[in-house]
Amino acid sequence: MALKATIFKADVQIADMDRHYYQDHALTLARHPSETDERMMVRLLAFVRHAHPELSFTKGLFDTDEPDLWQKDLTGAIDLWVEVGQPDEKRLLKACGRAAQVVVYCYSNSSQIWWNGISSKLTRARNLTVYAIPPATSLALSKLAQRNMQLQCTIQDGQIWVTQGNDAVQVDITAFG
């Protein structure tokens, strides 16, 4: 018998002063049995960073043809494709062909090694942006994971604060060049 996803609920208040986006979102996250709290919280962070009424979580790990998040326009065209982790270059090139913008969020100690290994193969992917989240930060985010979360997220000058109750995590994201 296959293991089922674990459902997490997150009420997220977003104050993105960089984009002038102020909204509350009631999110449902299905955590795949092979997914860690750390990866799930990085997915949630990616949602916060790109928050938009049309941005949604996908089947992700359950369906290899879909990203972790995407935003589609009214015609069904993909405006934004978001991956979490270290996808291979073939997947990223395919995503760059399908979406107007592709963003990857890496969060492990090996992110720089991964990027050094594939970056030369992605030179033609002009619509690709890759970010690194320090491993200590993603681990701190994972400690905020609960089945029911009340999160306040503030973004200002590229810096993100994620708060739940008395716990707060400062997130600094670095772009790979």
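**Sheet, helices and a buried aspartate**

Helix α4 (residues 135-142) lies across β9 and β10, running at about 150° to β10, where helices (H or I, at least four residues) and strands (E, at least two) are DSSP runs numbered from the N terminus, and where axes are lines fitted to C-alpha atoms, for helices over the stretch in contact, with angles from 0 to 180 degrees between N-to-C directions. The model is predicted, so local features need pLDDT of at least 70 and side-chain atom pairs count only at pLDDT 80 or more, whereas totals for chains, interfaces and linings use all residues. Residues are numbered from 1 along each chain as its sequence is written, and side-chain values use heavy atoms, with hydrogens and water left out.

Five strands form an open sheet with mixed pairing in the order β2-β1-β8-β9-β10, two strands being paired if DSSP finds at least two bridges between them. Because β2 (21-31) and β10 (167-172) stand at the edges with a single partner strand each, one side of each is left without a neighbour in the sheet. From one strand to the next, the twist averages 20°. Strands β1 (residues 6-16) and β8 (residues 148-156) run parallel and are joined by eight bridges, and A15 stands opposite T154 in β8. Helix α1 (residues 37-49) packs on the sheet, touching β1, β2, β8, β9 (159-164) and β10, and its direction makes about 150° with that of β2; contact means heavy atoms within 4.5 Å.

In the loop between β3 (55-57) and β4 (69-72) lies D68, which is buried, with a relative accessible area of 3% (buried means under 20%, exposed over 50%, partly exposed in between, with a 1.4 Å probe and protein chains only). The side chains of D68 and R39 are joined by a polar contact of 3.0 Å, and the side chain of D68 also reaches the backbone nitrogen of V84 at 2.8 Å. A polar contact is a pair of N or O atoms within 3.5 Å; within protein, one must be able to donate a hydrogen and the other to accept it, and residues adjacent in sequence count only if both atoms are side-chain atoms.
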